[in-house]
Amino acid sequence: MAKVGFIGLGNMGGPMAANLVKAGHEVRGLDLSAEAKARLVEAGGNTADNLAELASDADVIVSMLPAGAHVRKVYAGEDGILAHARPGTLLIDSSTIDVESARFVAAAAEKAGMPMVDAPVSGGVGGASAGTLTFMVGGPDAAFEAARPYLDVMGKTIVHAGGAGTGQAAKICNNMLLGISMIGTCEAFVLAERLGLDPQKLFDISSTASGQCWSLTTYCPVPGPVPTSPANRDYQPGFAAAMMLKDLKLAQEAAHASGASTPLGAEAAALYNLFCNGGDANTDFSGIVRFLRGKTEA
């Protein structure tokens, strides 16, 4: 069992850290929220007061942070992890950030003698709690193999995408596809309503026909057909619209930097931007069906 430092104990990081505790690891967490740290203590972990305390005695450090700027500061800042952790400490960043930041931090970690992987996740809060997340992992083969036992505790599907930054690349490509497909699914249901077609009938047909997709069969954006979808909980977030917008913006930044043409990704980002700015940033991203319905009615 290892000494694991965990930075970022929010809706995703908290359950992930708790699963490491359940697996028998000695977990010490750090977060700006006292409540988040208290939840880790309740789960059997411990807390640290600062990065130096957390990093100096850790065998493994896992992070789940909001953006690339935070990851750069926490790892490569003047008083960051690389300044305090021992050479050989395994670093796992599960934040969803821009590819450039992921590669910058990985290069700094390599220079400091610390193996590192970028390992963003898919699966939402439910997957974090159940330990069934999908990890998209970028980094050298040896670092991936070292990280795998810890990722296996927190996830169900672990995919090595390639070198440093490819985990982030996979995540933003996947979520761009998800954002686009959710809008398409929502538009189909809105059109069906206008044409007098029962939503359940559309689901029964499209879920077994060429329109089948995850946004329809697992995360159906209208109440009824999929009882576990947020549509049946007044769109309380499993994955908030603000987080989808963040990922779509990252995809657009990457598209512009690489010269890729992503017109539907750009349109999806624009629509989610309107949705969030209209007061629905903390609504589940599938709740955009209500926004589209309102546009139709207008």
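1. A residue is called exposed here when its relative accessible area is over 50%, and buried when that area is under 20%. The model is a predicted one, and the points below should be read with that in mind.

2. Helix α6 spans residues 99-111, and its 13 residues reach 18 Å from the first C-alpha to the last, close to the 18 Å expected at 1.5 Å a residue. After the helix comes G113, which has a positive phi, near 80°.

3. Which residues of α6 are buried? They are V99, S101, A102, V105, A106 and A109. Because these residues cover an arc of only 160° around the axis, they lie on the same side of α6. An α-helix has 3.6 residues a turn, so residues three or four places apart point the same way. On the face of α6 turned away from its buried side, by contrast, one finds the exposed residues E100 and K111.

4. As for what covers the buried residues of α6, the elements include the helices α4 (68-76), α5 (81-84) and α9 (166-194), together with the strands β5 (90-93) and β6 (116-118).

5. The second largest pocket holds about 270 Å³ of space. It is lined by 17 residues, of which V99, I172, L250, A254 and A255 are the closest to its centre. Two or more lining residues come from each of α6, α9 and α12 (241-258), and α12 gives the most, with 7 residues. By class, this lining has 12 nonpolar, 2 polar and 3 charged residues. The largest cavity has a volume of about 110 Å³, and its lining consists of K3, V4, G5, E26, V27, R28, N46, E53, L54, D57 and A58. By class, 4 are nonpolar, 2 polar and 5 charged.

6. The second largest cavity, with a volume of about 40 Å³, is lined by D93, A102, A106, M116, V117 and D118. Both α6 and β6 supply at least two residues of that lining, and the largest share, 3 residues, comes from β6. The lining divides into 4 nonpolar and 2 charged residues, with no polar ones.

Methods
Residues are numbered from 1 along each chain as its sequence is written. This is a predicted model: local features need pLDDT of at least 70, side-chain atom pairs count only at pLDDT 80 or more; totals for chains, interfaces and linings use all residues. Side-chain values use heavy atoms; hydrogens and water are left out. Helices (H or I, at least four residues) and strands (E, at least two) are DSSP runs, numbered from the N terminus. The expected span of a helix is 1.5 Å times one less than its number of residues. Buried means under 20% relative accessible area, exposed over 50%, partly exposed in between (1.4 Å probe, protein chains only). The arc is that of the directions from the helix axis to the C-beta atoms. Contact means heavy atoms within 4.5 Å. On a 1 Å grid over the protein atoms alone, a cavity is a set of points where a 1.4 Å probe fits but cannot get out, and a pocket is an open set with protein on both sides within 12 Å along at least five of seven lines; lining residues have an atom within 4 Å of a point. Grid points are joined across faces, edges and corners, and a volume is the space filled by probe spheres set on the points. Ala, Val, Leu, Ile, Met, Phe, Trp, Tyr, Cys and Pro count as nonpolar, Asp, Glu, Lys and Arg as charged, and the others, Gly among them, as polar.
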